[in-house]
Amino acid sequence: MTAVSMHISGETAAAGRVVWAAIESNGQIFFPSPGTPVPAGAFRDVDLEVSVPRNGLPPGEYNVVTVLSDGMGAVGSLSSYLALGEPKRVTIPAWGAAGCIDCPRVLYGDTLKLKANAIGVGGSLVISPRGPGEASDPGVAWTVLNTDGTSNGDPNETQFLVNLGNGDFYPLKPENGTTRKWRVRATLGRQTAETSIDVDPNVLLGTEHNEYDALIIQMSAEYGVPPTLSKAQIYEEDASFNPSAYAYELEDFDYKYIAVGSARGARGSALDEYPYNQYNMAVGSGWPEPSQPQGDRLRSDDIAFRARYVDAGTDANMDGFITAYEVYFDPDNTDQGLELAPRDFVAQTPMAGSYGLKQLWWEVTLHPLAWNRGDGGNPADLVSPSLNIAFGTQYLRWMFDSHTDDGLAWNERWKQALNKYNGGSGSSGTGPYGHNVYGFIDICRPH
């Protein structure tokens, strides 16, 4: 805000006159101050103040004129007025980051809060940042604009600057200054105001585990996911931020989708399908599923993750195959997350595990993410933070776009997406997971 104070005296022969001040440029009046009635005759020591919001005028030198006009209704009018004395010069500074003049600024990961107010009686509609206790004038409507200045015509999602209502906006992607420039418009009756928005991506997310922030921010901007939400999800999965985290999903994944395929109906086990057959562990004869050799692409580091659950004594019948039952009943296995599937089968621990910071299931990287165009990749590679965060962020956005109710409020829709990330696209989308993730957002605020 630029404020110019005026302290004036003068004389008028007529009663009912009003003194006010304003910015003058090329014969136009901007940001008139409130009017002060003066009596006929001499008047002294009238205080006036002209306030120019940070996005009110382009930077430069302007005249500030003091004006004597007929009545309050003429304040700010371009009709005839009488300037009192010589104008005062004022410099309006530039605001915002390089390439963005007079732009409201928001940190990537924060909500931008704006207000729009008519300045003075009959004055221009002006957009400015909204502080605590402040509000727009009643009746202001907000619109997100495309780079060409036109409304994008959908629920403000296409361009990933989300209109949350009441002057709140959430940039899911920073603007890039060329093909993507964020602008918003405020409308009040016949008056409109527009402003660009400067989104600063050079942030840290909270004060802990910042070693992964750059990856989280990069992938959040790539796919359009709130970066604070993305990091909060990692806190919920493993608050220690262990990139090598691993969990064998005995029933929900191995029994239902991989080794037995109970959820696949007549298709049954996936082990004879490509690319599953490239990564499976050997299955001997006499099992419920057909016998299978070890997958050609399976590596020792893929198998190594099962060491969390098995040791030399796990193979109770010493037949060389580790079954789901043997994993479950191993007395040294203390993982309470396992459930007992109702059939015996060779534990496909590489393909039926959740990996890394985002606890990403290998199957998800095939469907729907089409890893390596559907050829898949080694499960052990999913502990790479860059790959894991990229896939996990992409999958969450896919859930949001494809399997959530677009009639829900913004935060509730993301909670539903999180619940389905955790429970699968066919799940109800309810449960504590999304709520728990939101519980970590405050410690991931950008700064």
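Helices, here DSSP runs of type H or I with at least four residues, are numbered from the N terminus. In this predicted model, that numbering places proline 368 in the loop between helix 6, which spans 362-366, and helix 7, which spans 385-402. The peptide bond that leads from histidine 367 into proline 368 is cis, and its omega is near 20°.

A cis peptide bond also joins tyrosine 274 to proline 275, where omega is near 5°. Proline 275 has its place in the loop between helix 3, covering residues 250-258, and helix 4, covering residues 300-304.

The loop between helix 6 and helix 7 also holds arginine 373, a residue that has a positive phi of about 60° although it is not a glycine. With a relative accessible area of 84%, arginine 373 counts as exposed, because exposed means over 50%.

Methionine 318, which is likewise not a glycine, has a positive phi of about 55°, and its place is in the loop between helix 4 and helix 5, the latter running over 324-329. Is methionine 318 buried or exposed? Methionine 318 is exposed, since its relative accessible area is 73% and the cut-off for exposed is over 50%.

How values were computed:
Residues numbered from 1 in each chain as written. Predicted model: local features only at pLDDT ≥ 70, side-chain atom pairs only at ≥ 80, totals over all residues. Heavy atoms only, no water. Helix = DSSP H or I, 4+ residues; strand = E, 2+ residues; numbered from the N terminus. Buried < 20%, exposed > 50% of the residue type's maximum accessible area, 1.4 Å probe, protein only.
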